[in-house]
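Here is my note for a colleague who is opening this entry for the first time. Please keep the viewer open while you go through the points.

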Amino acid sequence: MAQLMQNSLLAYKSPMKNAVPSFSSTTGVPLPFQLKPDKYNKFNRPNLRLTPVKKNKVYAVLEMDKSAVISEPENTTDTNNLILTNNSLMHPSVIEVDSVTELDLKENGFRSTRRTKLVCTVGPACCSFEQLEALAMGGMNVARINMCHGTRDWHQNVIRNVRKLNQEKGYAVAIMMDTEGSEIHMGDLGGGAVSVKAEDGDVWTFSVRALSGPLPPKTIHVNYEGFAEDVKVGDELVVDGGMARFEVIEKQGPDVKCQCTDPGLLLPRANLTFWRQGKVVRERNAMLPTISSKDWLDIDFGISEGVDFIAISFVKSAEVIKHLKSYIAARSCDGDIGVIAKIESVDSLKNLEDIIRTSDGAMVARGDLGAQIPLEQVPSVQQHVVQLCRQLNKPVIVASQLLESMIEYPIPTRAEVADVSEAIKQRADALMLSGESAMGQFPEKALDVLRSVSLRIEHCCREEKQHESMPLRDIASSLEDSISEGICNSAAQMANKLGVDAIFVYTRQGHMGSLLSRCRPDCPIFAFTSSTSVRRHLNLQWGLIPFRLDFSDDMESNISRTFALLKARGMIKSGGLVIAVSDMLQSIQVMNVP
């Protein structure tokens with residue numbers, strides 16, 4: 001693959017024209033203009049043919065241990081937006097891209113695009129069509145619905161608003177459904193309150209009783225029936241990863257009296273953990289199933305609504321992920337719902353690599369994770385999870401308390417901005433807003449902070465060359481995957497070496513787009529796919545700008561048509577340098593925009 005890159009670079013710099021064939025790097029024999037298809041058919045590759053295209057373009061073809069570079073002649077006709085290729089007249093199809101990306105490319109060019117993706121939790125503060133459109137215009141790539149809150153009818157309305165936004169405005173906002181999980185948590189607050197403040201020294205009652213009427217003042221229902229039996233006087237009760245803390249002072253049958261030691265905001269269905277002698281008490285939690293009976297009903301709802309991702313809370317093992325994926329495959333018409341493993345417990349960390357390898361992505365849920373491990377360990381765990389996900393080619397989301405102060409205030413703390421910056425420098429695929437967008441007073445401002453900080457930090461890192469290439473392990477499980485992996489690695493290296501403006505990838509299932517994202521090249525990656533579902537899935541991954549475009553197996557006509565369509569809408573200009581790869585014809589092409 002290194003030889004392929006070297007040959008391609010030499011050929012790109014060569015002034016040779018008029019279709020003079022190159023020599024094989026291995027055999028030294030001139031490569032004929034028409035490649036023999038039988039060399040590729042034994043690997044189930046399509047028949048290869050080289051279509052006449054623009055002058056001075058490099059066509060690099062991987063052929064196992066041999067590579068060849070051909071400089072091709074000018075023999076393509078483009079008249080009145082009709083493209084003539086191999087004696088066939090083809091009308092350019094419509095290309096789908098959202099208005100924000102289109103405007104950004106028109107005004108600022110290729111390299112202005114943001115690489116880090118942004119996830120917004122949808123709640124009462126941002127659930128209308130107009131509010132969701134404002135978030136999409138502000139950079140939201142994924143809309144998250146949290147099944148801990150709201151009814152299924154409410155969530156269904158949100159899903160339909162997002163789908164309407166995509167259909168009418170050309171966005172590719174993906175929908176992620178987050179399950180509640182079966183860990184110990186609080187119920188709804190009395191009187192339907194959105195939040196309640198626990199003051200220092202206040203005594204609250206945590207009860208497992210199912211009360212038919214309104215909850216008494218300072219009373220919280222707990223979902224776990226064995227709660228009163230398991231806790232002991234003197235235990236520390238931690239709410240929502242440390243948002244408030246209580247000390248158990250008395251047990252009265254099903255009721256547990258607790259005194260607030262750290263004041264804070266109590267939210268409906270907040271997670272509860274209890275500590276004893278400096279260690280989290282896990283015995284009962286370990287016996288609870290990862291996916292509760294309510295979760296299975298919510299999962300059925302998500303499948304029927306066609307969500308793009310389902311995030312599973314408190315994953316303990318890879319077996320849970322395998323079971324869920326087989327369940328989805330049996331019930332989903334197309335089976336393309338991705339499963340995101342939430343890393344938020346000690347059990348998740350014990351089986352981390354197996355969980356990530358089995359899942360379709362991971363989320364570092366730092367709030368609940370920080371309630372089960374010492375706080376000082378959270379940053380190193382976050383970095384480890386981000387790096388491991390990249391090695392295994394799984395998108396990773398950094399979540400929880402990124403801009404927590406913006407729930408109440410219009411600007412974040414400087415420490416929060418530094419925290420966001422660190423996640424961007426680690427090259428996480430996505431950052432997620434939780435309460436900041438769902439129930440905060442300034443959801444659009446919070447999103448704008450993530451967007452502006454991402455753009456600034458990414459630009460600085462590229463300018464200062466802070467990101468050295470991370471050695472990536474081989475993850476291919478077949479010869480075909482190994483070829484794709486090698487091509488994407490080489491394309492990213494060539495892109496950085498040549499300083500190209502963008503990488504174009506034509507992908508039906510999104511795999512090569514994902515492999516390119518894993519390489520984290522300096523330039524943006526334009527991912528063209530004919531599937532609207534794949535386009536939404538790709539919108540979670542670092543550096544990918546997903547377009548929907550109908551294309552054929554003929555790479556030359558695809559590229560020519562793409563240039564024509566993008567130029568017609570003013571998104572690219574002549575002279576830009578582009579690398580193109582495809583999962584239909586495994587090759588690397590380097591060219592200038594005509």
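1. In β15, the partner of T205 is K257. The strand β11 (residues 203-207) pairs with β15 (residues 255-262) in the antiparallel sense over five bridges, while three bridges join β11 to β12 in a parallel run. Strands count as paired here if DSSP finds at least two bridges between them. In general, such pairing goes through backbone hydrogen bonds, either parallel or antiparallel.

2. A word on the source before going on. This is a predicted model, in which local features need pLDDT of at least 70 and side-chain atom pairs count only at pLDDT 80 or more, whereas totals for chains, interfaces and linings use all residues. Residues are numbered from 1 along each chain as its sequence is written, and side-chain values use heavy atoms, with hydrogens and water left out.

3. Now the whole sheet around β11. Seven strands form an open sheet with mixed pairing, in the order β12-β11-β15-β14-β13-β17-β18. The edges are β12 (219-221) and β18 (279-280), each with a single partner strand, so one side of each has no neighbour in the sheet. Helices (H or I, at least four residues) and strands (E, at least two) are DSSP runs, numbered from the N terminus.

4. How covered is β11? Four of its five residues are buried, where buried means under 20% relative accessible area, exposed over 50%, and partly exposed in between (1.4 Å probe, protein chains only). In the loop between β10 (196-198) and β11 you will find D202, which is buried at a relative accessible area of 17%. Leaving aside neighbours within four places in sequence, D202 is in contact (heavy atoms within 4.5 Å) with K218, C258, Q259 and C260.

5. Next, please look at β27 (residues 577-582), where six of six residues are buried. L577, I579 and V581 lie on one side and V578, A580 and S582 on the other, and both faces are covered. Strand β24 (residues 502-506) pairs with β27 in the parallel sense over five bridges, with Y506 and S582 as bridge partners. On to β28 (residues 587-592): five bridges join this strand to β27, and the two run antiparallel. A hairpin of four residues connects β27 to β28, and I579 stands opposite V590.

6. The aromatic rings deserve a visit. Rings of Phe, Tyr and Trp (its six-membered ring) pair if their centres lie within 6.5 Å; planes under 30 degrees apart count as stacked, over 60 as edge-to-face and the rest as tilted. By this rule there are eleven aromatic pairs. One of them, F110 with F526, is tilted, at 5.5 Å centre to centre and 55 degrees between the planes. This pair links distant parts of the chain, 416 residues apart: F110 is in the loop between α3 (99-108) and β7 (117-121), and F526 is in strand β25 (residues 525-529). Both F110 and F526 are buried. Ring pairs also link these two into a cluster with F504, Y506, F528, F547, F551 and F563.

7. After α5 comes G170, with a positive phi near 80 degrees.

8. Finally, the chain as a whole. Its secondary structure comes to 20 helices and 28 strands, and buried residues make up 56% of the 594 residues. The average pLDDT (the predictor's confidence in each residue, from 0 to 100) is 83, and 82% of the residues score at least 70. Over residues 4-92, however, the pLDDT is below 50. Where pLDDT is low, the predicted coordinates should not be read in detail.
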